[in-house]
Amino acid sequence: MDRRNNRRDEQGLSVVTANRLLDGRIVWLDAQGKWQLFIQQAHPFPNAEMEQVLARQNAKAAADEVVGVYGVQVEQISSGLLPITTRERIRALGPSVHAEFTPAWQAAQHASA
């Protein structure tokens, strides 16, 4: 069972996330099975399929050079995918610090979202 999201709604959607080993960046699984930097590039899976998806992705995590693979429940809104929980919104949308301290790469994400 997915330890981080064991209360997933049966009818909802989730995306798969992890951290890239190279630099620790948060990454999101796309429809082609590649890891992307932005949640809007993630592929949403029906929650009913998540255990199988996570088992498959965890089995190949070392080859993909990622760690901490788990599912994040999302909702589809007009601007794209939005995580349900505050923790995952912070991970997906950026740091919860003053804009002066936001990494330079983070601004690019908001411009494309």
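In the predicted model described here, Glu-75 stands opposite Leu-82 of strand E6, where strands are DSSP runs of E with at least two residues, helices are DSSP runs of H or I with at least four residues, and both are numbered from the N terminus. Strand E6 (residues 80–83) pairs with E5 in the antiparallel sense over four bridges, two strands being said to pair if DSSP finds at least two bridges between them. E5 and E6 form a hairpin, with two residues between the two strands. Because this is a predicted model, local features need pLDDT of at least 70 and side-chain atom pairs count only at pLDDT 80 or more, whereas totals for chains, interfaces and linings use all residues. Residues are numbered from 1 along each chain as its sequence is written, and side-chain values use heavy atoms, with hydrogens and water left out.

Most residues other than glycine have a negative phi. Glu-65 is located in the loop between H2 and E5, and this residue counts as exposed because its relative accessibility is 52%; by the convention used, buried means under 20% relative accessible area, exposed means over 50%, and partly exposed lies in between, with a 1.4 Å probe and protein chains only.

In helix H1, the residues Met-50, Val-53, Leu-54 and Gln-57 are buried. They lie on the same side of H1, because they cover an arc of only 95° around the axis, the arc being that of the directions from the helix axis to the C-beta atoms. An α-helix has 3.6 residues a turn, so residues three or four places apart point the same way. The cover over the buried residues of H1 includes E1, strand E2 (26–29), strand E3 (35–36), E4, helix H2 (61–64) and E5.

The largest nonpolar core has 12 residues, including Val-16, Val-27, Trp-35, Phe-45, Met-50, Val-53, Leu-54 and Val-66; such a core is a set of buried Ala, Val, Leu, Ile, Met, Phe, Trp, Tyr and Cys residues joined through side-chain atoms within 4.5 Å. E1, E2, H1 and E5 each supply at least two residues of this core, and its largest share, three residues, comes from H1. A second, separate core of nine residues includes Trp-28, Ile-39, Tyr-70 and Val-74. In soluble globular proteins, nonpolar side chains tend to be buried together.

Asn-47, in the loop between strand E4 (45–46) and helix H1 (50–59), counts as buried because its relative accessibility is 8%. Not counting residues up to four places away in sequence, Asn-47 touches Arg-8, Asp-9, Glu-10, Gly-12, Leu-13, Ser-14 and Gln-73, where contact means heavy atoms within 4.5 Å. The side chains of Asn-47 and Gln-73 are joined by a polar contact of 3.4 Å, defined as a pair of N or O atoms within 3.5 Å, of which, within protein, one must be able to donate a hydrogen and the other to accept it, while residues adjacent in sequence count only if both atoms are side-chain atoms.

Helix H3 (residues 86–93) contains Arg-91, which is buried, with a relative accessible area of 15%. The side chain of Arg-91 makes a polar contact of 3.0 Å with that of Tyr-70. Arg-91 and Ile-26, which are 65 residues apart in sequence, lie 7.2 Å apart in space from C-alpha to C-alpha. Leu-93 is likewise in helix H3, but is partly exposed, with a relative accessible area of 33%.
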